Amino acid sequence: MAEFTGEPLARPLVCDAPDDLQPYLDWKGRILRVAEGKGREGINARLYERVASTLPDAGKFSEREINAILGELHLYGDATALRRELVDRGYLGRTRDCHEYWKVKNPDVLGRM
């Protein structure tokens, strides 16, 4: 068994997000859970905006590919719900048949709320 040396951990325990988002993110900035309850929509909007800002800017992705990308950005185990939320909020575009997805470069602010 290793002996504690009193040295600080090599990685931070929190990410670079604002304090009010910290309870919803792990130390890498991945979403642990979405905010629930009345008055938490602003928190969720900022969580989804944070995820959208990390998506690749160019290219189209299959449903499987975008789910894999989103799977790396959250830990609550529902990439499908996250993908749908990003589409509904205007961060992701998709074809009518839902076979291709892409990052929307300038999402409409009204579409996100």
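Leaving aside its neighbours within four places in sequence, which residues is Leu 47 in contact with? The points below take up this and some other local features of the model, which is a predicted one.

1. Leu 47 has its place in helix H1, which covers residues 41-53. Once its neighbours within four places in sequence are set aside, the residues in contact with Leu 47 are Leu 21, Tyr 24, Leu 25, Ile 31, Arg 33 and Val 34. The relative accessibility of Leu 47 is 1%, and since buried means under 20%, this residue counts as buried. The C-alpha atom of Leu 47 is also separated by 9.6 Å from that of Ala 17, a residue that stands 30 residues apart from Leu 47 along the chain.

2. Helix H2, made of residues 63-71, packs with helix H3, made of residues 79-88, at an angle of about 100 degrees, and the axes of the two helices are 9 Å apart. Because angles of 65 to 115 degrees count as roughly perpendicular, H2 is described as roughly perpendicular to H3. On the H2 side the residues that take part are Glu 63, Ile 66, Asn 67, Leu 70 and Gly 71, and they meet Ala 79, Thr 80, Leu 82, Arg 83 and Leu 86 in H3. Sorted by class, this contact of H2 with H3 has 5 nonpolar residues, together with 3 polar and 2 charged ones.

3. Asn 67, found in helix H2, deserves a separate remark. The relative accessible area of Asn 67 is 19%, and because the limit for buried is under 20%, Asn 67 is classed as buried.

4. Cys 98 lies in the loop between strand S2 (92-94) and strand S3 (100-103). Its phi is near 60 degrees, which is a positive value in a residue other than glycine. Is Cys 98 buried or partly exposed? At 23% relative accessibility, Cys 98 counts as partly exposed.

5. Two entries concern aromatic rings. The charged end of Lys 60 sits over the ring of Trp 102, at 4.9 Å from the centre of that ring. For pairs of aromatic rings, by contrast, the count under the rule applied here comes to 0.

Key:
Residues numbered from 1 in each chain as written. Predicted model: local features only at pLDDT ≥ 70, side-chain atom pairs only at ≥ 80, totals over all residues. Heavy atoms only, no water. Axes fitted to C-alpha atoms, helices over the stretch in contact; angles between N-to-C directions. Helix = DSSP H or I, 4+ residues; strand = E, 2+ residues; numbered from the N terminus. Parallel < 35°, antiparallel > 145°, perpendicular 65-115°, else oblique. Contact = heavy atoms within 4.5 Å. Nonpolar A, V, L, I, M, F, W, Y, C, P; charged D, E, K, R; others polar. Phe/Tyr/Trp six-rings, centres within 6.5 Å; stacked < 30°, edge-to-face > 60°. Lys NZ or Arg CZ within 6 Å of the ring centre and 35° of its normal. Buried < 20%, exposed > 50% of the residue type's maximum accessible area, 1.4 Å probe, protein only.
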